[in-house]
Amino acid sequence: QVQLVESGGGLVQAGGSLRLSCAASGSISINVMGWYRQAPGKQREFIARINSGGSTNYADSVKGRFTISRDGAKTTVYLQMNSLKPEDTAVYYCSAVGVVTGSTYTTTYWGRGTQVTVSS
């Protein structure tokens with residue numbers, strides 16, 4: 001069983017910073033870990049991803065403000081969010097794409113999400 005557990009969300013004033021963490025557990029070979037967010041009444045949107053080689057991609061809306069990174073074991077991913085804006089308010093979800101041990105299928109797993117609220 002693969003589980004992703006996010007932490008680090010909260011309430012912050014505009015211009016402030018937060019650091020989200022996502023820890024993956026289970027027998028899985030992870031190819032990509034990423035962050036998505038969903039604001040009320042909107043679709044879930046891509047924020048950032050990091051692959052097994054360490055390459056990163058970001059949505060234009062967060063470039064230069066958010067940084068994705070991971071630990072040496074490649075099972076925990078972080079999202080450092082700086083210069084936060086009220087429009088960053090959303091539930092932030094962690095995702096992991098990989099192959100479960102003993103399987104040949106690539107599957108995407110999701111965490112339950114963590115709320116980030118940015119006040120103006």
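For cavities I used a 1 Å grid over the protein atoms alone: a cavity is a set of points where a 1.4 Å probe fits but cannot get out, and lining residues have an atom within 4 Å of a point. The model is predicted, so I kept to its rule that local features need pLDDT of at least 70 and side-chain atom pairs 80 or more, while totals for chains, interfaces and linings use all residues. Residues are numbered from 1 along each chain, and side-chain values use heavy atoms, without hydrogens or water.

**Cavity.** I searched the whole structure and found one cavity of 30 Å³ or more. I read its lining as I30, N31, V32, M33, I50, N51, S52, R70 and K74. Two strands (DSSP E runs of at least two residues, numbered from the N terminus) each give two or more residues to this lining: β4 (28–38) and β5 (45–51). The largest share, four residues, comes from β4.

**Salt bridges.** I counted a salt bridge when a side-chain nitrogen of Lys or Arg lies within 4 Å of a carboxyl oxygen of Asp or Glu. That gave me four. One of them joins E45 to R37, 2.6 Å from N to O. Another pairs R65 with D88 at 2.7 Å; I noted that these two sit 23 residues apart, in the β6–β7 loop and the β8–β9 loop. I then saw R37, E45, R65 and D88 linked in a network of salt bridges.

Definitions and conventions
On a 1 Å grid over the protein atoms alone, a cavity is a set of points where a 1.4 Å probe fits but cannot get out, and a pocket is an open set with protein on both sides within 12 Å along at least five of seven lines; lining residues have an atom within 4 Å of a point. Grid points are joined across faces, edges and corners, and a volume is the space filled by probe spheres set on the points.
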